[in-house]
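Here is a short briefing to read alongside the model. It covers cores, strands, salt bridges and a surface patch.

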Amino acid sequence: MQLQSLPATPRKRSTLRIQRAVLVALVIRELRSRVEGRWLGLLWMLFEPLAHVMVILALFGFRHHATSPNVELPVFLVTGLLPFFVFRNLARRLPAAISSNRGLYAYRQVKPFDALIARAIVEVGLYGAVYATALMLLGWLGYHWLPQAPLELIVVGFLLVTFGVGLGLVFAVAAHNRPRVQTVIGFAFLPLYLLSGVIFPVHTLSPDVRAWLLWNPVLHLIELARTYFIAAYQPLEGINLGYPAAWTLAASALGMSLYRVYRHRLVSVD
Amino acid sequence: MLKLHNLTKWYPTPRGRRYVFRDLNFEFPARTNIGLIGRNGAGKSTLMRLLAGTDAPNAGSIVSDARISWPVGLRGGFQGALTARENIQFVCRVYGATGAAMRNVLEFVADFADIGDYFDLPLDSYSSGMRARVAFGLSMAFDFDYYLIDEVMAVGDAQFRKKSQRVLRERLAKANVIMVSHSMQTILRTCDRIVLIERGNAVLYDDVRAGIAAYQGSRIRTRDRKP
């Protein structure tokens with residue numbers, strides 16, 4: 001028990017090094033709490049979202065074709081569901097990261113923003129792995145499983161992630177210490193799920209309704225995620241990348257501004 | 001060097017802002033152990049939180065080139081589902097102690113806390129005394145220029161308390177302490193100077209006894225005012 005053997009705490013580290021150290025520490029901690037020290041935990045972490053996809057596949061598998069005979073239904077579902085889940089989980093689950101890491105803000109290096117980013121890294125990594133696994137399963141089952149335009153798909157993925165994180169940041173500030181706001185946000189995701197063309201194509205709806213649906217930026221991103229994946233896919237008319245990109249920018253800017261203004265309240269320990 | 005520069009801190013309440021400090025300027029004397037005293041609600045804990053970097057001032061700043069600890073014996077930062085080892089690894093990573101440095105810290109805390117194989121069991125299965133042992137050991141494993149102590153010295157059994165005192169003393173050979181306590185004995189034993197926090201103001205007393213007397217005097221006076 002001699003203090004001499006202990007490391008000297010560095011006097012000054014660069015901001016970048018501190019930031020990296022905090023994120024690495026938080027990501028490892030987050031993974032550890034999810035896995036709960038068992039191999040089964042690791043397996044479950046991957047299997048849970050995959051099971052969700054498979055249940056929906058089983059439920060909607062009776063329809064033989066999605067939009068046109070060239071588009072296979074499982075591919076249609078996987079390429080819509082997983083991008084949507086990434087977005088939804090980021091937006092919906094990031095706010096909880098602030099309160100579940102509350103005790104850690106006593107270490108001066110750790111800020112609520114780090115907790116959000118660490119959780120985002122874990123979610124994106126997790127769903128990236130699930131997406132890859134689902135695609136390999138599709139390939140194994142003999143379906144079309146490679147994206148036709150991978151670079152464009154990455155751009156769409158980047159937008160989905162940034163939009164999710166931005167919205168998550170907005171919700172984190174808005175719902176902090178307001179459990180009812182949290183409930184309302186939770187409910188709002190169900191209609192969004194249905195209106196984003198995730199499990200059924202919105203192409204068949206009447207033009208009036210479609211014009212309204214086009215206001216939904218998530219629909220744009222989901223449609224684009226499919227367009228860049230499936231060669232034969234006919235995207236909905238009026239879909240473009242600029243509109244959701246503008247939303248993404250607005251959500252991130254709003255989220256970061258709100259965070260900046262309310263950052264002291266978010267750390268309030270008691 | 002540890003300086004408060006135009007420090008302003010308020011908290012929002014349903015009846016407007018409540019100021020704890022308003023444009024407070026104060027320089028902590030170098031190389032001294034400081035006892036912060038004051039009545040409940042005077043702002044001692046707020047000042048400690050500001051010093052620890054947990055909370056930020058609304059205006060002004062804390063100017064310092066010193067390494068300031070987290071509140072010694074802090075247990076809030078522990079995650080119950082993780083083991084003591086994993087929780088300590090987290091703090092090591094945050095403080096940049098990786099590899100061999102991390103191993104040394106783990107060894108030190110395991111040895112100091114002396115809780116046997118509980119060290120590798122989830123914290124939820126610990127008694128509060130065991131948690132306190134790990135928390136205190138972890139605080140002592142890092143060298144800081146200032147250790148912030150907020151009334152936690154009396155944890156664990158008599159033997160552990162003696163051990164904690166010894167290791168703290170060893171640390172204080174090269175570092176200093178800023179301590180909040182309502183126990184004047186503890187203050188007398190550890191501190192060289194007193195900072196009395198009163199109505200958003202900080203007054204330095206070079207003589208510990210004079211500081212305590214001023215605090216107790218002010219306490220009696222306020223008691224007289226409200227019958």
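Buried means under 20% relative accessible area, exposed means over 50%, and partly exposed is in between (1.4 Å probe, protein chains only). By that rule B:Arg133 is buried, at 13% relative accessibility. This is a predicted model: local features need pLDDT of at least 70, side-chain atom pairs count only at pLDDT 80 or more, and totals for chains, interfaces and linings use all residues. Residues are numbered from 1 along each chain as its sequence is written, chains are lettered from A and ligands numbered from 1 in the order in which they are written, and side-chain values use heavy atoms, with hydrogens and water left out.

**Nonpolar cores**

- A nonpolar core is a set of buried Ala, Val, Leu, Ile, Met, Phe, Trp, Tyr and Cys residues joined through side-chain atoms within 4.5 Å.
- The largest one has 130 residues, and A:Tyr107 and B:Phe142 have the most contacts inside it.
- Helix α3 of chain A (residues 73-100) supplies the largest share of this core, 16 residues.
- Another core, of 25 residues, lies apart from it; B:Val20, B:Ile68, B:Leu148 and B:Ile197 are among its members.
- Helices (H or I, at least four residues) and strands (E, at least two) are DSSP runs, numbered from the N terminus.
- Contact means heavy atoms within 4.5 Å.
- Beyond its neighbours within four places in sequence, B:Phe142 has contacts that include A:Thr9, B:Trp70, B:Tyr95 and B:Arg171.

**Strands of chain B**

- Strand β6 of chain B (residues 146-150) is mostly covered, with four of its five residues buried.
- Two strands pair if DSSP finds at least two bridges between them.
- β6(B) runs parallel to strand β5 of chain B (residues 68-71), joined by two bridges.
- B:Ile68 has B:Tyr146 as its bridge partner in β6(B).
- β6(B) also runs parallel to strand β7 of chain B (residues 176-180), joined by five bridges.
- There, B:Ile149 stands opposite B:Met179.

**Salt bridges**

- A salt bridge is a side-chain nitrogen of Lys or Arg within 4 Å of a carboxyl oxygen of Asp or Glu.
- The whole structure has 14 of them over all chains.
- A:Arg119 pairs with A:Glu30, with the closest N and O atoms 2.8 Å apart.
- A:Arg119 sits in helix α4 of chain A (residues 112-140) and A:Glu30 in helix α1 of chain A (residues 15-35), so the pair ties together parts that are 89 residues apart in sequence.
- A:Arg119 is buried at 14% relative accessible area, and A:Glu30 is buried at 8%.
- A salt-bridge network links A:Glu30, A:Arg34, A:Arg93, A:Arg119 and A:Glu123.
- B:Glu86 forms a salt bridge with A:Arg32, with the closest N and O atoms 3.5 Å apart.
- That pair crosses between chains, from helix α2 of chain B (residues 84-94) to helix α1 of chain A.
- B:Arg133 and B:Asp157 meet through their side chains in a salt bridge (3.4 Å, N to O).
- B:Asp157 is partly exposed, at 39% relative accessibility.

**Surface patch**

- Patches are made of residues with over 30% relative accessible area and no salt bridge; like charges are joined within 9 Å, nonpolar side chains (Val, Leu, Ile, Met, Phe, Trp, Tyr) within 5 Å.
- A:Leu190, A:Leu194, A:Leu195, A:Phe200, A:Leu205 and A:Val209 form a nonpolar patch on the surface, with about 480 Å² of accessible area together.
- Helix α6 of chain A (residues 179-195) gives the most to the patch, three residues.
- A:Phe200 is partly exposed, at 32% relative accessible area.

Key: Areas by Shrake-Rupley, 256 points an atom, 1.4 Å probe, with all protein chains shown as cover.
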